[in-house]
Amino acid sequence: MHYLDHAATSPLRPAARAAWLEAADAVGNPSSLHGDGRRRRAIVEEARERIAAALGADPAEVILLSGGTEADNLGVKGLWWGRGGGRIVTTAVEHHAVLDPARWLAQTADATVHESPVSPNGSVDVDAFRTALPGAALASAMWVNNEVGAIQPIAELAAAAKEAGVPMHCDAVQAVGHLEVDFHESGLTTMAVSAHKLGGPVGVGALIARRDAPLSPLLHGGGQERKVRSGTVDAAGAAAFASALEEAVRTRQGEAARIAALAARLADGIRAAIPDAVVRGARDGYAPHIVHAVVPGASSEAMLMLMDASGVAVSSGSACTAGVVERSHVLQAMGHSAEESRSAVRFSLGWSSTDADVDAALAALPDAVSRARAAGQ
Ligand SMILES: Cc1ncc(COP(=O)(O)O)c(C=O)c1O
């Protein structure tokens with residue numbers, strides 16, 4: 001199988017697997033005061049230090065939790081409740097882990113939500129975002145879009161939020177390991193990171209949060225993680241997350257260039273084989289690891305099932321409900337028609353991707369597209 005779905009989840013890195021196995025053998029609750037507990041606590045604190053160092057943050061700013069979805073929910077709902085409610089300023093192309101908490105607060109509480117529009121290339125309208133900021137409870141924008149790979153001007157958006165005195169959350173799940181991410185430099189208040197997108201295990205991640213972030217907890221209980229996220233901390237998960245993140249950040253420059261070159265070859269090959277496809281990739285200013293193609297007349301499901309049958313794992317990039325690909329809210333916000341928003345295929349690369357994966361994708365795609373188009377007629 002040729003795996004080109006790293007943006008959904010990336011294979012576990014051997015270093016992360018080894019770190020997980022080693023830490024999983026230890027006993028003790030990191031909150032217990034006996035020797036076993038203290039040794040487990042040491043594993044957690046060492047992982048916290050390594051995660052902080054890799055992200056340009058202080059260890060005290062790392063709140064360990066279950067992954068990107070929880071980190072986004074804590075960033076959005078935690079800041080909203082912590083600020084006593086009000087307007088949420090976000091963008092139309094956020095992941096559902098940000099959009100749905102914001103919209104839920106509008107439905108069930110008295111939040112209002114501003115979703116800034118984006119240009120046809122997916123970048124957020126900075127003026128619209130800035131104009132909506134004064135008096136808002138919080139702002140939230142993603143660093144890299146998970147469907148098309150659009151890179152948002154996070155420093156500019158964070159500076160605008162700071163000027164308006166509005167705390168700002170960022171979903172950096174698809175940016176970490178692919179772009180340079182430095183929390184202190186960014187000017188953000190909170191930032192979501194997920195381990196399994198960079199070769200760590202599923203079920204662990206972090207919200208990086210300034211010490212003065214006005215966060216209300218979503219989980220109440222034992223008061224772990226600065227009293228913001230109760231629950232026994234997953235020491236083995238934290239150790240594996242730290243190993244994967246460290247490796248991803250240490251090798252980032254060389255890897256980003258290698259992956260972007262693979263992605264460019266893939267994008268060129270798609271354009272040559274399917275001239276009417278709208279292809280977005282690293283050379284057009286998108287993230288190095290994502291190549292996205294809108295293929296008129298071919299449904300996402302049909303394309304990805306046919307690619308799968310040829311041994312190539314790809315995705316539509318957008319959410320699925322009961323096996324049916326939903327119309328992409330991201331593509332619609334970028335001006336694509338409803339039909340086109342169901343006709344996309346996303347190739348995403350990562351640490352284990354090779355030339356052979358690109359060759360296999362390019363070999364399988366023309367037939368998958370013509371059969372998907374024929375099936376749709
Ligand atoms: C941009 C973005 N945010 C959040 C998430 C959710 O992360 P997790 O799977 O760790 O909950 C994902 C993964 O699908 C993502 O791509």
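Which helix gives the most to the lining of the largest pocket? Helix 3 does, with 3 residues. The views below show a predicted model, in which local features need pLDDT of at least 70, side-chain atom pairs count only at pLDDT 80 or more, and totals for chains, interfaces and linings use all residues. Residues are numbered from 1 along each chain as its sequence is written, and side-chain values use heavy atoms, with hydrogens and water left out.

View 1. The largest pocket holds about 470 Å³ of space. A pocket is an open set of points on a 1 Å grid over the protein atoms alone, where a 1.4 Å probe fits, with protein on both sides within 12 Å along at least five of seven lines. Its volume is the space filled by probe spheres set on the points. Lining residues have an atom within 4 Å of a point. There are 33 of them, and Ala7, His95, Asn146, Gln174 and Lys197 lie nearest the centre. By class, the lining has 10 nonpolar, 16 polar and 7 charged residues. Nonpolar covers Ala, Val, Leu, Ile, Met, Phe, Trp, Tyr, Cys and Pro; charged covers Asp, Glu, Lys and Arg; the others, Gly among them, are polar. Helix 3 (68-82), helix 4 (96-108) and helix 11 (329-333) each supply at least two lining residues. Helices are DSSP runs (H or I, at least four residues) numbered from the N terminus.

**View 2. Helix 3 against helix 4.** These two helices pack at about 30 degrees, with axes 8 Å apart. Axes are lines fitted to C-alpha atoms over the stretch in contact, and angles run from 0 to 180 degrees between N-to-C directions. The crossing of helix 3 and helix 4 is right-handed (the near helix is turned clockwise from the far one by less than a right angle). Contact means heavy atoms within 4.5 Å. Helix 3 contributes Thr69, Asp72, Asn73, Val76, Lys77, Trp80 and Trp81, and helix 4 contributes Ala97, Val98, Pro101, Ala102, Trp104 and Leu105. The contact divides into 9 nonpolar, 2 polar and 2 charged residues.

**View 3. Helix 9 against helix 12.** Helix 9 (residues 252-273) packs on helix 12 (residues 355-375) at about 15 degrees, with axes 10 Å apart. The pair is therefore roughly parallel (angles under 35 degrees). Helix 9 passes helix 12 in a right-handed crossing. Among the residues in contact are Leu262, Arg265 and Leu266 of helix 9 and Val358, Asp359 and Leu362 of helix 12.

**View 4. Helix 10 against helix 12.** The axes of helix 10 (residues 300-309) and helix 12 come within 9 Å and cross at roughly 135 degrees.

Terms used:
Parallel < 35°, antiparallel > 145°, perpendicular 65-115°, else oblique.
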